[in-house]
Amino acid sequence: MAAPRLPAIPEAAGHEAAGALWSRPFLIFLLVYFCVFMSFYMQFSTLSPYLASQGLSHAAVGLVIGSFTLTSIASRLLSARLAVAWGPLKTARAGLAIIAVGILFFFVRPGAPFFTAARLLQGAGFGLVSTLLISVVVKLIPHDRLGEGLGYMGLSTTVAMAAGPLAGLELSGTFGYRAMFIAMDVAIAASIVVSLMLPGFLEAREAPAPPPPGGRGAVIDFRPIWPGALALFYAAGITAVTVYLAVYCSERHLPSAAAFFLVSTIG
């Protein structure tokens, strides 16, 4: 018996018209999203010990890793305008390409300037990708299953958050850091290639949204502040653990931190 075919989505349809959640484009998006975050989280547990092994102090390690945040925030603020100009999917692909180039800077020359450049480029690309992919995928999810569909997208991120550091530790420990950086770039390249299989109607440029009424709200929308604060506290806690756990285990002469991430993945 032939395998069942996944339902296709009409070229002009939005997420309200799409009948099934588990369409081929939605599965492609899950794969793209997972590859992006897998690459991102691979370096969470390994970048700090790698930078320390290259002679950087703990303070310099923190500055290099933290530089990612500057361009990540800046590119998020620009993402809406770029989506209007180029289309959200094309802009997200550009972000993926920027991430891939940023990873290559780890191969140029050891030193804080090139490591910082790598992180700045990664931040700029990740800010675009993480913001715009969600805005595109909602066009594929049926309106009455939007929460469920976004939940599966979040699940792919959670799995990558747990499995990525474990994969990074295993790759860097077994084959070296260069192999890990290559694997990160391969994951990003794969996400670019797979994204080319998405339907054509997703390429359409976004119409500019009307500004909310009233004073400062026309420039800044304050409604997401409390959900954003919750995400900030959560990310601060998990990042502090994942970034420095490998260094802590090394300084305390403890076994590899891989067991922590293995249990986290199972959980």
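**Inside a predicted helical model**

Residues are numbered from 1 along each chain as its sequence is written, and side-chain values use heavy atoms, leaving out hydrogens and water.

**The cavity**

- A search of the whole structure turns up one cavity of 30 Å³ or more. (A cavity is a set of points, on a 1 Å grid over the protein atoms alone, where a 1.4 Å probe fits but cannot get out; lining residues have an atom within 4 Å of a point.)
- The volume of the largest cavity is about 60 Å³, counting the space filled by probe spheres set on the points.
- Helices H1 (24-42) and H5 (112-137) are the elements that give two or more residues to its lining. (Helices are DSSP runs of H or I, at least four residues, numbered from the N terminus.)
- Among the lining residues are Val-36, Phe-40, Gln-122 and Phe-126.
- The lining divides into six nonpolar residues, three polar and no charged. (Ala, Val, Leu, Ile, Met, Phe, Trp, Tyr, Cys and Pro count as nonpolar, Asp, Glu, Lys and Arg as charged, and the others, Gly among them, as polar.)

**The nonpolar cores**

- The largest nonpolar core has 53 residues, and Phe-29, Leu-51, Phe-181 and Leu-202 touch the most other members. (Such a core is a set of buried Ala, Val, Leu, Ile, Met, Phe, Trp, Tyr and Cys residues joined through side-chain atoms within 4.5 Å.)
- H1 gives the most to this core, with 12 residues.
- A second, separate core of eight residues includes Leu-169, Leu-245, Ala-246 and Phe-261.
- Leaving aside neighbours within four places in sequence, Phe-29 is in contact with Leu-133, Val-136, Val-137, Leu-140, Met-153, Leu-198 and Leu-202. (Contact means heavy atoms within 4.5 Å.)

**Cysteines and Ala-52**

- The structure holds zero disulfides. (A disulfide is a pair of cysteine sulfur atoms within 2.5 Å.)
- Cys-35 is buried at 14% relative accessible area, and Cys-249 is buried too, at 10%. (Buried means under 20%, exposed over 50% and partly exposed in between, with a 1.4 Å probe and protein chains only.)
- Ala-52 sits in helix H2 (residues 47-53) and counts as partly exposed, at 31% relative accessibility.
- Ala-52 and Val-247 are 195 residues apart in sequence, yet 8.7 Å apart in space, C-alpha to C-alpha.

Key
Predicted model: local features only at pLDDT ≥ 70, side-chain atom pairs only at ≥ 80, totals over all residues. 1 Å grid on protein atoms, 1.4 Å probe; cavity = no way out; pocket = protein on both sides within 12 Å on 5 of 7 lines; lining within 4 Å.
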